[in-house]
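Please look through the chain from one end to the other before reading on. The report below goes from single residues to the chain as a whole.

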Amino acid sequence: MDWRDFVTIVFAGVCGMVGGVFGPVGIAGGVVVGAAVGARWAARSDRLATLERRVAELESATDDEP
């Protein structure tokens, strides 16, 4: 687990509390929606970080070649 997982959990909890206005179904719906949005953000963030790291590796590899 990294910090993105904790952000996703907190976001799901907050959405669940907001959904609590609509009762127990709102709490469950809020948690599900919050978890889905948080997981999507975390996955996109991980892909972007991996892509940036790979581009940096490729750029440094081309700089080393004569």
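A residue is called buried when its relative accessible area is under 20%, exposed when that area is over 50%, and partly exposed in between. The model shown here is a predicted one, and the values that follow were computed from it.

**Residues of the helices**

With that cut-off in mind, Arg 4 counts as buried, because its relative accessibility is 14%. Arg 4 has its place in helix H1, which covers residues 3–19, and, leaving aside its neighbours within four places in sequence, it is in contact with Trp 41, Ala 42, Ser 45 and Asp 46. Met 17 is also found in helix H1, but it counts as exposed, because its relative accessibility is 62%. Between Met 17 and Gly 30 there are 7.3 Å in space from C-alpha to C-alpha, while the two are 13 residues apart in sequence. Trp 41, one of the contacts of Arg 4, is partly exposed, since its relative accessible area is 36%.

| Residue | Relative accessible area | Class |
|---|---|---|
| Arg 4 | 14% | buried |
| Trp 41 | 36% | partly exposed |
| Met 17 | 62% | exposed |

**The aromatic pair**

A pair of aromatic rings is described by the distance of the centres and the angle of the planes. In this model the count comes to one aromatic pair. The ring centres of Trp 3 and Trp 41 lie 5.7 Å apart and the ring planes stand at 70 degrees, so the pair is edge-to-face, given that planes over 60 degrees apart count as such.

**The chain as a whole**

The secondary structure consists of two helices and zero strands. What does the C-alpha trace span along its principal axes? The extents are about 65 × 15 × 15 Å, and the radius of gyration of the chain is 19 Å, whereas a compact globule of 66 residues would have one near 11 Å. Of the 66 residues, 17% are buried. Among contacts between residues at least 6 apart in sequence, 43% join residues at least 24 apart.

The chain exposes about 5,100 Å², and carbon and sulfur atoms supply 70% of that area. As for charge, the chain carries 6 positive and 9 negative side chains, and the centres of these two sets lie 12 Å apart.

Notes. Residues are numbered from 1 along each chain as its sequence is written. This is a predicted model: local features need pLDDT of at least 70, side-chain atom pairs count only at pLDDT 80 or more; totals for chains, interfaces and linings use all residues. Side-chain values use heavy atoms; hydrogens and water are left out. Helices (H or I, at least four residues) and strands (E, at least two) are DSSP runs, numbered from the N terminus. The radius of gyration is taken over C-alpha atoms; the globule rule is 2.2 Å times the number of residues to the power 0.38. Buried means under 20% relative accessible area, exposed over 50%, partly exposed in between (1.4 Å probe, protein chains only). Contact means heavy atoms within 4.5 Å. Accessible areas come from the Shrake-Rupley method with a 1.4 Å probe; for residues, only the protein chains shown count as cover. Lys and Arg count as positive and Asp and Glu as negative; His and the chain ends are not counted. The place of a charge is taken as NZ of Lys, CZ of Arg, CG of Asp or CD of Glu. Rings of Phe, Tyr and Trp (its six-membered ring) pair if their centres lie within 6.5 Å; planes under 30 degrees apart count as stacked, over 60 as edge-to-face and the rest as tilted.
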